[in-house]
Amino acid sequence: MVAHGLAASALFALAGLTYESVQSRRLLLTRGASSWAPHLAGAWFLVCAVNMGAPPTLNLQAELFLLTAMSSYRATLLVPLVAALFFSAAYSLHLYTVSQHGPTPRFLAGGVPCSPRALLMVALHLRPIMRAVPLALHFGVS
């Protein structure tokens, strides 16, 4: 729950930063962010990877614990759970590709600066999630 809270908070923070840069909530207007704001696009990639449970994150560990707990409780619930995990990961990947890749709108061709304070805010969201897995393995938590 902690990992989900940090990942969701980071997604909302990135949405707010993107809104400050573009002054619009439409995802189609943020296309091509990898060319006009590469640091922001990199942050979006990391947060979307954390949200979908990429291997070095605490979210993957939580999903594996959830799967093992559900398989021991009731095996019939595994199919909807795996489907929900798959669609969640697919949506995170779709969110990243739609909002960060594609043709850059004309009014963003010059680029939009991203403040170091904003990137630090996102990094501070990601640090506990990325650091938790090695600590859990070190202390024998499984």
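These are my notebook entries on a predicted model of one protein chain.

**Ground rules.** I number residues from 1 along each chain as its sequence is written, and my side-chain values use heavy atoms, with hydrogens and water left out. As the model is predicted, local features need pLDDT of at least 70 and side-chain atom pairs count only at pLDDT 80 or more, while totals for chains, interfaces and linings use all residues.

**Overall layout.** I looked up the elements first. The chain has 6 helices and 0 strands, and from the N terminus on I read α-α-α-α-α-α. Helices (H or I, at least four residues) and strands (E, at least two) are DSSP runs, numbered from the N terminus. Of the 142 residues, 33% are buried. Here buried means under 20% relative accessible area, exposed means over 50%, and partly exposed lies in between (1.4 Å probe, protein chains only). I also checked contacts, meaning heavy atoms within 4.5 Å. Among those between residues at least 6 apart in sequence, 78% join residues at least 24 apart.

**The core.** Next I went to the largest nonpolar core, which has 21 residues. Such a core is a set of buried Ala, Val, Leu, Ile, Met, Phe, Trp, Tyr and Cys residues joined through side-chain atoms within 4.5 Å. Leu14, Trp44, Val47 and Val122 have the most contacts inside this core. H1, H2 (33-36), H3 (38-51), H5 (78-100) and H6 (116-138) each supply at least two of its residues. I noted the general background too: in soluble globular proteins, nonpolar side chains tend to be buried together.

**Trp44 and Thr18.** I listed what Trp44 touches, skipping residues up to four places away in sequence: Leu11, Leu14, Ala15, Thr18, Leu95, Tyr96 and Gln100. Thr18 sits in H1 (residues 2-22). Is Thr18 buried or exposed? Thr18 counts as buried because its relative accessible area is 8%. Its side chain makes a polar contact of 3.1 Å with that of Trp44. A polar contact is a pair of N or O atoms within 3.5 Å; within protein, one must be able to donate a hydrogen and the other to accept it, and residues adjacent in sequence count only if both atoms are side-chain atoms. Beyond its neighbours within four places, Thr18 is in contact with Gln23, Thr30, Leu40 and Trp44. I also have Thr18 and Ala37 at 9.7 Å, C-alpha to C-alpha, and 19 residues apart in sequence.

**H5.** This helix has 23 residues and reaches 33 Å from its first C-alpha to its last, close to the 33 Å expected at 1.5 Å a residue. The expected span is 1.5 Å times one less than the number of residues. Leu81, Ser92, Leu95, Tyr96, Ser99 and Gln100 are buried in H5. Which helices do the buried residues of H5 pack against? I found H1, H2, H3 and H4. Just after H5, Gly102 takes a positive phi of about 120°.

The largest pocket has a volume of about 310 Å³ and a lining of 13 residues, with Ala3, His4, Asn59, Ala62 and Glu63 nearest its centre. H1, H4 and H5 each supply at least two lining residues, and H4 gives the most, with 6. A pocket, on a 1 Å grid over the protein atoms alone, is an open set of points where a 1.4 Å probe fits, with protein on both sides within 12 Å along at least five of seven lines; lining residues have an atom within 4 Å of a point. Grid points are joined across faces, edges and corners, and the volume is the space filled by probe spheres set on the points.

**Two partly exposed residues.** Met121 is in H6 and counts as partly exposed because its relative accessibility is 29%. Leaving out neighbours within four places, I found Met121 in contact with Ala13 and Leu17. Pro38 is in H3 and is partly exposed, as its relative accessible area is 47%.
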